[in-house]
Amino acid sequence: MFQRRSQAYPLWLLSLVPTLLLSLLALPALYAQSTTTYTVYTSQNGEVQGSEILDITPDARTAVVVGSNNVGENKLRLITIDPATGLPKRSSEDFKTRPAVAGLGLAQPVFSSVAMHPTRNFALVTVRDLNDDTKAGGAVFIDVASLALVRDTPLPLGLHPESVAIAPNGNYAVVANQGGSISIIDLRSGAGAATVSATITPTVPDAETTREQDDPQPEAVAISPDSTRAFVTLQRNNAITIIDINPTTLATDAVTRALPYKLGGGTIPLRPDGLAITPDGNYLVTADEGVAGSTRPNSVSLFRVGADRTLNRLADTGNALPLGSQPEMVDVGTIGNRLRAYVTLERTDQVAVLHVDTANGQLQLEQVVDLNPSSLGSNTASSPEGIKIAKPQGMELIVTANVGTRNVSVLRATTSSPSPSPSPATQRVHLPLVTK
C-alpha cells in the first residue's frame, strides 16, 4: 500500500519551479498573438477620370470617387466592391461636372471632395475651379442610385472648397475652403433646402509669419462621433481649428490651437493634411505632409483632445515612415479587433498601418503595405490620396483613391485567429506525489 509524504520533493524537482512559473507567465502573450495581413486588389488603370477623394456608401458596398486629372477632366464615379472577394469594379456611368454647376461662374469646374450622408442616399460634392483660386466654389447634391441632382442649383461656398465631412447625425456638413474659411451647411431639412448656416474665418495669432496669419489654408475635416465638435487642419498654419457646434441651433464657437511641438530646439513644420478622430471622440490622428525638401521624414501624429478644447500631442512616428513618403489622408477604425490608423503615402505608393494605443498614448507602426505587389499583375496604383475603411458583409477593407493611375485600390484585411487562452486549470503546476 502506498503512503504519501507531503514534504518529500527531491531538490532537483524544486529547482524547476522558477522556470515553470516564468513559462506560465509568458503563456497569455503566446496564446493571444494574432496577425493581420493585407491582400491588395486594384481596379483598371484610368477607370476613374479623376480619383483623388472618396467616401463609402452607408451599406459599405460602393466607393463614391471624385477628383480631377491634369487636363481638368472631372467626373463622379461609382466603384462597387464585390461582396465575396472585395474586388473593385466600375459600376455605372459617370456624373459629369459642368451641367451641375451652372451659375457658379467657374471656367474649369472640378469636383474636389465628397461625403456620403449617413442615412440618405445622396453625396455632397464640393466644386472648385481647377486653376483660379479667386473664384468661390460650391456644393452639389447627387443621388448615388440614379446619378441625378437632388437639387437644381449648386450651393455657393467660399474660395477653393477642398474637403467636406457630414456629421454622423446627418444634421450638418463642414467644408474646409482652402482660400481661408470654413462653411457650416445646415442639412436638417434635406439636401433640397440646404443652406450655409455659418462661415468661420480661422486665425492663428502666434503663427510664425504674416503670410501664415493671413493664409491659414483649411485643408481637411473630421467630426466627432457625437456630432458636437468639428476639427479642421490649417495646413499652412501648422494648426487645427476646433469648432463646437450646438446640435439644436448649429451655432458655432471656434477656437484655434497651434500644434504644440518642439523638435531639435526649434519649431519644425508638420503641415497637417488629413485627419481622423477615434471612435470615442477623444483622440485625433493627423497625416503630416511636412515641407518639401525637409531632411526630417514625414510623420503621423496622435493628439489627445481635452474637454476644454486643448490639444496635447502625445506621439508621432518619428523616423519610422519612409523618407519623403508624403502622408496625405488618414482613416481610423477597428480592424482585426485592434484600433488602427491607415495613412496614404502618396510619393511611395504605399499605405502605412499604425496601431493607435490610446491607453498608453502611443502610435506603433505595424507595417507599410505596398500597393504594387508583384502578384497584382498589370493593374498598378500610383499616388494614393483619399482613404476609407469599409466593412461590407463581415469583410474588413481599406479603400484608396489613386491620383496618378486614376483608379482605386482595396486592401482586404485578414486576421489570423489567436489560439484559445488556456483554462485556469491548465495553468496550474501539479507536482507529482512522492511515495514510498
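This is a predicted model: local features need pLDDT of at least 70, side-chain atom pairs count only at pLDDT 80 or more; totals for chains, interfaces and linings use all residues.
Phenylalanine 122 is buried, with a relative accessible area of 5%, and phenylalanine 141 counts as buried too, at 0% relative accessibility. A pair of aromatic rings is described by the distance of the centres and the angle of the planes. The structure holds two such aromatic pairs.

One of the pairs brings together tyrosine 38 and tyrosine 342, whose ring centres are 6.0 Å apart. Their planes stand at 75 degrees, and since planes over 60 degrees apart count as edge-to-face, the tyrosine pair is described as edge-to-face. Tyrosine 38 is found in strand β1 (residues 36-42) and tyrosine 342 in strand β25 (residues 338-345), so this contact ties together parts that are 304 residues apart in sequence. Tyrosine 38 has 13% relative accessibility and counts as buried; tyrosine 342 is buried as well, with a relative accessible area of 0%.

Phenylalanine 122 and phenylalanine 141 make up an edge-to-face pair, with 5.9 Å from centre to centre and 70 degrees between the planes. Here the linked parts of the chain are strand β8 (residues 122-129), which holds phenylalanine 122, and strand β9 (residues 136-143), which holds phenylalanine 141; the two residues are 19 apart.

Elsewhere, strand β14 (residues 181-186) is mostly covered, as six of its six residues are buried. In a regular strand the side chains alternate between the two faces of the sheet. In β14, Ser181, Ser183 and Ile185 are buried on one side, and Ile182, Ile184 and Asp186 on the other. Strand β13 (residues 172-177) runs antiparallel to β14 and is joined to it by six bridges. These two strands form a hairpin with three residues between them, and glycine 180 in the turn has a positive phi of about 130 degrees. Strand β15 (residues 195-200) pairs with β14 in the antiparallel sense over five bridges. Aspartate 186 stands opposite tyrosine 172 and also opposite threonine 195 in β15.

Conventions. Residues are numbered from 1 along each chain as its sequence is written. Side-chain values use heavy atoms; hydrogens and water are left out. Rings of Phe, Tyr and Trp (its six-membered ring) pair if their centres lie within 6.5 Å; planes under 30 degrees apart count as stacked, over 60 as edge-to-face and the rest as tilted. Helices (H or I, at least four residues) and strands (E, at least two) are DSSP runs, numbered from the N terminus. Buried means under 20% relative accessible area, exposed over 50%, partly exposed in between (1.4 Å probe, protein chains only). Two strands pair if DSSP finds at least two bridges between them.
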